[in-house]
Amino acid sequence: MRTLFLFLLLLVIRVPVTGQQTARFGDIGNGWFRNPVIPADFSDPDLIRVGDDYYGIASTFCFSPGMLIYHSKDLVHWEIIGHVVDDITQLNPDLGWERMNGYYNGIWAGSLRYHAGTFYCHFTTPKGGWFVARTDDIRGRWKVEAMRDSRGKELRGSGWDDVCPLWDDDGQAYIVASNFGRNWFPHLFKMSADGTQLLDGVLADRQDDPGKNMEIIGGYVIKPFRTAEAAKLYKWNGMYYIYFSEVRTIHGNRVRVPVMRRSKSPYGPYEEKLLLHSHGKKVDKEPNQGAIVDTPTGEWYFLTHHGTGDFDGRVISVLPVHWESGWPLIGEDSDNDGTGEMVWELPMPLNSVVPMRMQTSDDFSGDRIAPQWEWNHQPRDGKWSLDERHGFLRLYAFRQLREGDFFATGNILSQRYIHWGLGEATAKFETVRMTDGQRAGLAHFNGGKDYACIEIRQDDGRQKIFLVFRYSGESLMEKELATLPHSTRKVHLRTIIDFDGRATFAWSRDGKRFTDCDGTFQLKWGSYRGDRIGLYTFNNERESGFIDIDNFEYLEIKQ
């Protein structure tokens, strides 16, 4: 009895919401919009405009396919249109289901650019190296390859991040990258016109210690300041601009903020200006990393993530930009000190003819996994299918790579939690082909720290419903909820999440009458990632059994 009491007590512990985010976001219907425009984990953004279309990217870490691409017509309504990297093991074999060592690895901050009819995405992985992807159709397939040094050697290894190119008016191309470690400084290199090779950087001959960062000789240090990262290169009105996110003390708070340098030459000398104040993570959650773009009609905006993540991850906001004396002023200068501050509500930038909405629900009737979904590491071939039974997602069970470690489950398909006022996700499982030892369920999880799931288990020919919670650093908590009748063929599993990130679970056999589960799980931030909602199965006794998922419905519940 004491164990059950402690279990229920731990379940109701929650973390208070910080910042000025509310349940209303995006287009609020009166010609204005409210930040964040994307209340979900779209971290490390970059953004470009091509004609009347805006395209952005977001980091995906260990999830596959890698590097998310999203699209808008008005900077407020967004849709997911695809990914850059189909197979992330080409970046690093640690990212495959056979190793699953990617929670502190994988695809980090990159850049998106459009030049001479080609889209370019430059990015790094902490252990894999530098990469460039190219395509002439941003909704299609990308060619992904390792960047090369001036001698043609692939830049594979650790130690570099935050890459961004610039093609100058005279045809010369440049690329900036941060070298993290003891000297976390951004470097500027000349780059080949096709965006694939450094022209003045060479990989040091001695690279025999895998524990050391990749040493590249050459280039130019554009700012010797250790916390300057997330650099973006621009050229406007004949001036070169280098955007950074860096740590400073602002209003007594040690925070990460946007900073800009400008010069008449890419090699300086540079002037520098602070672009945006932060009042601390409890007030504005540190808007910092992002991109500056213009509209077809000449207005300017800054798209940024809030760098202090919570259970919803690093969400996306859009702020106005005004030019003063050749400098971009972000947000609103409310205290007239020449530096902007966060703005939560402002007029719509553009009128969208067909407002877009971020994809969530899925009936699995397509011939490819819908773009809102990503696998936990690169999935195992042949262990999932949309073809074997049309209109269903089939997941085959196999052993966890590390038994008892939920994050080492090879067949987890998930999407980002959206910070609605009240959200509800329901998945319909067909369980007739489950076998003894198999587990299947609906889960919340973050970047390798915390998880909770409502789970169907089959043992000795009987299926049961379990509730399983695990907070980082604490013991596994699980509770048996029900034994299902032998006649059971379908089970509906549900999670309901309130605005404070408190999730409760329920289950049903007919999809109409649901049984609520006691206990509340507090969603949490973990390893630079917010919460995800996932579907999964595994079997640690034998490689046997599968589940068919008929549909997944994830929507906002109007109150």
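This is a predicted model: local features need pLDDT of at least 70, side-chain atom pairs count only at pLDDT 80 or more; totals for chains, interfaces and linings use all residues.
The backbone oxygen of Asp149 lies 2.9 Å from a polar atom in the side chain of Gln197. Gln197 sits in the loop that runs between strand E14 (185–191) and strand E15 (201–203). With a relative accessibility of 17%, Gln197 counts as buried, because buried means under 20%. Leaving aside residues up to four places away in sequence, Gln197 touches several others, among them Met147, Arg148, Asp149, Lys190 and Met191.

Two bridges join E14 and E17 in the antiparallel sense; Leu188 has Tyr220 in E17 as its bridge partner.

The discussion now turns to charged residues. Side chains of opposite charge can pair when their charged atoms come close. The whole structure contains 42 salt bridges. In one of them, Arg394 meets Asp548, with the closest N and O atoms 2.7 Å apart. Arg394 lies in strand E29 (residues 393–396) and Asp548 in strand E41 (residues 546–556), so this pair ties together parts that are 154 residues apart in sequence. Both Arg394 and Asp548 are buried.

A further salt bridge links Asp498 and Arg502, whose closest N and O atoms are 2.6 Å apart. Here Asp498 counts as buried at 19% relative accessibility, whereas Arg502, at 28%, counts as partly exposed. Elsewhere, salt bridges that share partners join Lys223, Glu246, Arg248, Arg261 and Glu272 into one network.

Conventions. Residues are numbered from 1 along each chain as its sequence is written. Side-chain values use heavy atoms; hydrogens and water are left out. Helices (H or I, at least four residues) and strands (E, at least two) are DSSP runs, numbered from the N terminus. Buried means under 20% relative accessible area, exposed over 50%, partly exposed in between (1.4 Å probe, protein chains only). A polar contact is a pair of N or O atoms within 3.5 Å; within protein, one must be able to donate a hydrogen and the other to accept it, and residues adjacent in sequence count only if both atoms are side-chain atoms. Contact means heavy atoms within 4.5 Å. Two strands pair if DSSP finds at least two bridges between them. A salt bridge is a side-chain nitrogen of Lys or Arg within 4 Å of a carboxyl oxygen of Asp or Glu.
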